[in-house]
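Please keep the sequence and structure in view while reading.

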Amino acid sequence: MKSVVVTGASTGIGWGCVKVLIGKGFRVFGSVRKQEDADRLSKEFGANFVPLIFDVTDANAVAAGAAKVAGMLGNETLFGLVNNAGIAVPGPLLYLAPDELRNQIEINVIAQLIVTQAFAPLLGTDRSRKGKPGRIVMMSSIGGKNAFPFNGPYHASKYALEGLGESLRRELMVFGIDVIMIRPGAVATPIWDKADALDLNRFANTVYAKSLGKLKDVAVTMGRKGYPPERIGNAVLKALTLRRPKTGYTENPNPMQEFIVTHFPKRLVDRLVASQLGLKRVK
């Protein structure tokens with residue numbers, strides 16, 4: 001049976017990846033941080049789901065998870081690693097504490113390297129393992145190619161992840177291990193309920209207060225109308241199984257938005273974003 005590791009499997013995109021992969025006959029090792037999530041997913045997905053309990057920023061815990069997977073693989077290679085776990089830190093950059101940015105980068109970038117290094121031997125850098133080299137799927141975002149106001153830490157992390165993935169893909173060619181980026185747009189996940197409940201009062205006395213409220217409303221509305229997580233799971237399946245996959249796949253339910261931000265002049269996009277969010281020059 002082919003085996004895949006998916007980080008951040010408890011909800012949202014990670015959950016969608018687990019559902020699709022198990023439906024296609026894979027054994028999935030899914031990382032979660034809480035025992036109750038491990039129990040819930042095991043009950044939901046059955047024997048082909050194997051929980052791994054670790055925080056992706058904890059190198060020792062990640063290494064223990066990799067050791068568990070190695071023990072169950074025997075001498076075979078791991079078919080795939082899906083680096084999905086991540087967070088989003090919102091707020092205007094002028095008023096965010098540097099530690100908030102550090103936390104964002106720690107989880108969305110540095111932790112991805114921690115996980116990749118831990119599982120790389122199973123994917124085929126250990127040449128004693130039998131089977132074809134595995135593939136790595138990095139969960140980027142359309143926000144890794146274009147940045148909007150008030151999500152600077154998140155965009156910074158995804159831009160960094162794009163660079164990390166590009167370098168990694170070229171470095172791992174010597175082992176036959178491919179690295180493929182997935183770039184979702186809005187996905188209908190529980191994260192939007194958290195966004196709706198987000199307290200922005202800390203920024204109430206800044207020039208951005210009204211614009212933050214508008215962005216929150218736009219983001220929540222778009223998110224709840226986004227693709228189901230399984231749509232991203234199917235993109236991951238394609239990345240893992242196609243004979244000649246692309247280096248990246250974009251799944252955006254708003255193609256016009258993508259066309260505007262990738263084809264229009266940046267200064268024009270600046271003005272469109274400012275108009276949408278009511279960003280006016282301070283007098």
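Helices (H or I, at least four residues) and strands (E, at least two) are DSSP runs, numbered from the N terminus. The model is predicted: local features need pLDDT of at least 70 and side-chain atom pairs count only at pLDDT 80 or more, while totals for chains, interfaces and linings use all residues. Residues are numbered from 1 along each chain as its sequence is written, and side-chain values use heavy atoms, with hydrogens and water left out.

**Salt bridges**

- The structure holds 9 salt bridges, each being a side-chain nitrogen of Lys or Arg within 4 Å of a carboxyl oxygen of Asp or Glu.
- Glu166 and Arg169 form one of them, at 3.0 Å from N to O; because these residues are 3 apart in helix α5, about one helical turn separates them.
- Glu166 is partly exposed at 33% relative accessibility, whereas Arg169 is buried at 12% (buried means under 20% relative accessible area, exposed over 50%, partly exposed in between, with a 1.4 Å probe and protein chains only).
- In helix α4 (residues 98-125), Arg102 and Asp99 lie 3 residues apart, and their closest N and O atoms are 2.6 Å apart.
- Arg102 is exposed, with a relative accessible area of 54%, and Asp99 is exposed at 54% as well.

**Aromatic pairs**

- There are 6 aromatic pairs in the structure; rings of Phe, Tyr and Trp (its six-membered ring) pair if their centres lie within 6.5 Å, and planes under 30 degrees apart count as stacked, over 60 as edge-to-face and the rest as tilted.
- The pair of Phe26 and Phe79 is tilted, because the planes stand at 50°, with the ring centres 5.4 Å apart.
- Phe26 lies in the loop between α1 (12-23) and β2 (27-32) and Phe79 in the loop between α3 (59-73) and β4 (80-83), so this pair ties together parts that are 53 residues apart in sequence.
- Phe26 is buried, at 6% relative accessible area, while Phe79 is partly exposed at 22%.
- Phe150 and Tyr208 form an edge-to-face pair, with 5.4 Å between centres and 70° between planes.
- Trp15, Phe45 and Phe49 make up one aromatic cluster.
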